[in-house]
2 protein chains.
Amino acid sequence: MGAMTSTKDRILYASAELFRRKGYTGTGLKEVTTQAQAPFGSLYHHFPGGKEQLGEDVIRVSGAFFLQLFVFIADEAPDVVTAVQDFFRGAGETLVATDYEDACPIAVIALEVASTNETLRVATADVFTSWLDEAATRFVAAGIPAARARELALSFLSALEGAFILCRALRSTEPMAAAGAAAASEVRAALTTVA
Amino acid sequence: MGAMTSTKDRILYASAELFRRKGYTGTGLKEVTTQAQAPFGSLYHHFPGGKEQLGEDVIRVSGAFFLQLFVFIADEAPDVVTAVQDFFRGAGETLVATDYEDACPIAVIALEVASTNETLRVATADVFTSWLDEAATRFVAAGIPAARARELALSFLSALEGAFILCRALRSTEPMAAAGAAAASEVRAALTTVA
DNA sequence: GTCTATAGGAGGATAGAC
DNA sequence: GTCTATCCTCCTATAGAC
């Protein structure tokens, strides 16, 4: 059976992959429709707002998907420290498996548009906020005070995002391993302080 | 006394600012020469390799400048923990002072070119490596074993880079504060283990 | 070595046939 | 709603006058 995905979904998926790999400004819409095996006109039929709407949809959809991934890993793990470790380890494995192309789905766009496109900047901020809230909720559930949980979520996500940059540039997972170990031990320390 | 900077330096400086703000692919060379108040032809006179050579020069020059900034702050600080704290605090202050535009000088380019331009990717890797080596050297000088110092440098820089992303997207220095506190306490723990 | 003009192609966006 | 042809702008790069 051929791909049963709709034209709109194929465009969205192709855009997500290209934006992640080459950036928002570095990706052409012709390129998107070619890779999605869709006629050029379909893009403007499904995304009347053009490139900006496509960018915003990619940010929000990718953000929701990544959030679900975190939820899944956290649910599977026996405790939050293990969850953090698993997440960093999984990120490193994905980097190697995809030849250092699949990192954060929105980091490049976030940096590119932060000072140039308010609509897209807000979209990335919303997605980061949803991730931070989810992580903080998990830390609170583990018994960490809310303020401390928020701090942990912020430094956890900072470490992850920064490690993605270094790993892609250095073509090595060493930064991810170091950042993951640091994040895990920080969470562990926060837990023992509580207990 | 007008600006005594050479045409080449003005082009380099304008490029650095624009690349940092709008990305490498998002910046046009017309824009660069306009902002540098230089005729378009001058760009190709001083940078025969075109945009790629300009990008590489910006990466390496900005990288060396940022390294000197780190050296300066570390030399002024009484100890490495304070140095790390000062660095994160200074980064946060710069973000606010520049309306969240002045973050890492090469992070956007690094993400944009990691999978698309090997010459520029190597340049960003060289710069990151120089920063990591400098940080690790400082940690070793403070009495931390080399392997641990390397790990600390990696998680320190990951935290810093990731915090830049979150701060720019959220338009808040909260991530920088949280990442800085975590990095400082990690270094402090490494020191007390030694002592 | 400074600067202008332009080539040649790719960019986003649209009109309109089917 | 699918798809093609085209518009106009902007891009990088170069040629060549001065």
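Chain B and chain A bury about 3,600 Å² between them, and 69% of that area is on carbon and sulfur atoms. Buried area here is the accessible area (1.4 Å probe) that two parts lose on being put together, summed over both. The size of an interface is often given in this way, as the accessible area lost when the parts come together. The contact draws on 42 residues from chain B and 42 residues from chain A, where contact means heavy atoms within 4.5 Å. Leu111(B), Ile165(B) and Leu166(B) supply 18% of the area that chain B buries against chain A, more than any other three residues.

Before we go further, a word on what you are looking at. This is a predicted model, in which local features need pLDDT of at least 70 and side-chain atom pairs count only at pLDDT 80 or more, while totals for chains, interfaces and linings use all residues. Residues are numbered from 1 along each chain as its sequence is written, chains are lettered from A and ligands numbered from 1 in the order in which they are written, and side-chain values use heavy atoms, with hydrogens and water left out.

Now let us look at chain A as a whole. Chain A has 9 helices and 0 strands, so along the sequence its pattern reads α-α-α-α-α-α-α-α-α, given that helices (H or I, at least four residues) and strands (E, at least two) are DSSP runs numbered from the N terminus.

Of the 195 residues of chain A, 52% count as buried. Buried means under 20% relative accessible area, exposed means over 50%, and partly exposed lies in between (1.4 Å probe, protein chains only). Among contacts in chain A between residues at least 6 apart in sequence, 67% join residues at least 24 apart.

Ser158(A) lies in helix α8 of chain A, which covers residues 146-170. Is Ser158(A) buried or exposed? Ser158(A) is buried, because its relative accessible area is 0%. Leaving out residues up to four places away in sequence, Ser158(A) touches several residues of chain B, including Ser158(B), Ala159(B), Gly162(B) and Leu166(B).

On the other chain, Val108(B) sits in helix α6 of chain B (residues 107-113). Val108(B) counts as buried because its relative accessibility is 3%. Beyond residues up to four places away in sequence, Val108(B) touches Leu111(A) and Glu112(A), and among its partners in chain B are Phe19(B), Arg20(B) and Arg168(B). Val108(B) and Arg20(B) are 88 residues apart in sequence, but their C-alpha atoms are 6.5 Å apart in space.

Back in chain A, Arg20(A) is found in helix α1 (residues 7-22). With a relative accessible area of 17%, Arg20(A) is buried. Once neighbours within four places in sequence are set aside, the contacts of Arg20(A) include Glu101(A), Asp102(A), Val108(A) and Arg168(A). Helix α1 of chain A also holds Tyr13(A), which is exposed, with a relative accessible area of 61%. Tyr13(A) and Leu95(A) are 82 residues apart in sequence and 19 Å apart in space, C-alpha to C-alpha.

The loops deserve a visit too. Most residues other than glycine have a negative phi. Arg171(A), however, has a positive phi of about 50° although it is not a glycine. Arg171(A) is placed in the loop between α8 and α9 (174-194) of chain A, and is partly exposed at a relative accessible area of 32%. In chain B, Gln37(B) also has a positive phi, near 50°. Gln37(B) lies in the loop between α2 (29-35) and α3 (40-46), and counts as exposed at 67% relative accessibility.

Our last stop is Thr27(B), in the loop between α1 (7-22) and α2 of chain B. Thr27(B) is buried, with a relative accessible area of 3%. Apart from residues up to four places away in sequence, Thr27(B) touches Leu18(B), Phe19(B), Lys22(B), Val32(B) and Lys51(B). Thr27(B) and Lys51(B) are 24 residues apart in sequence and 9.9 Å apart in space, C-alpha to C-alpha.
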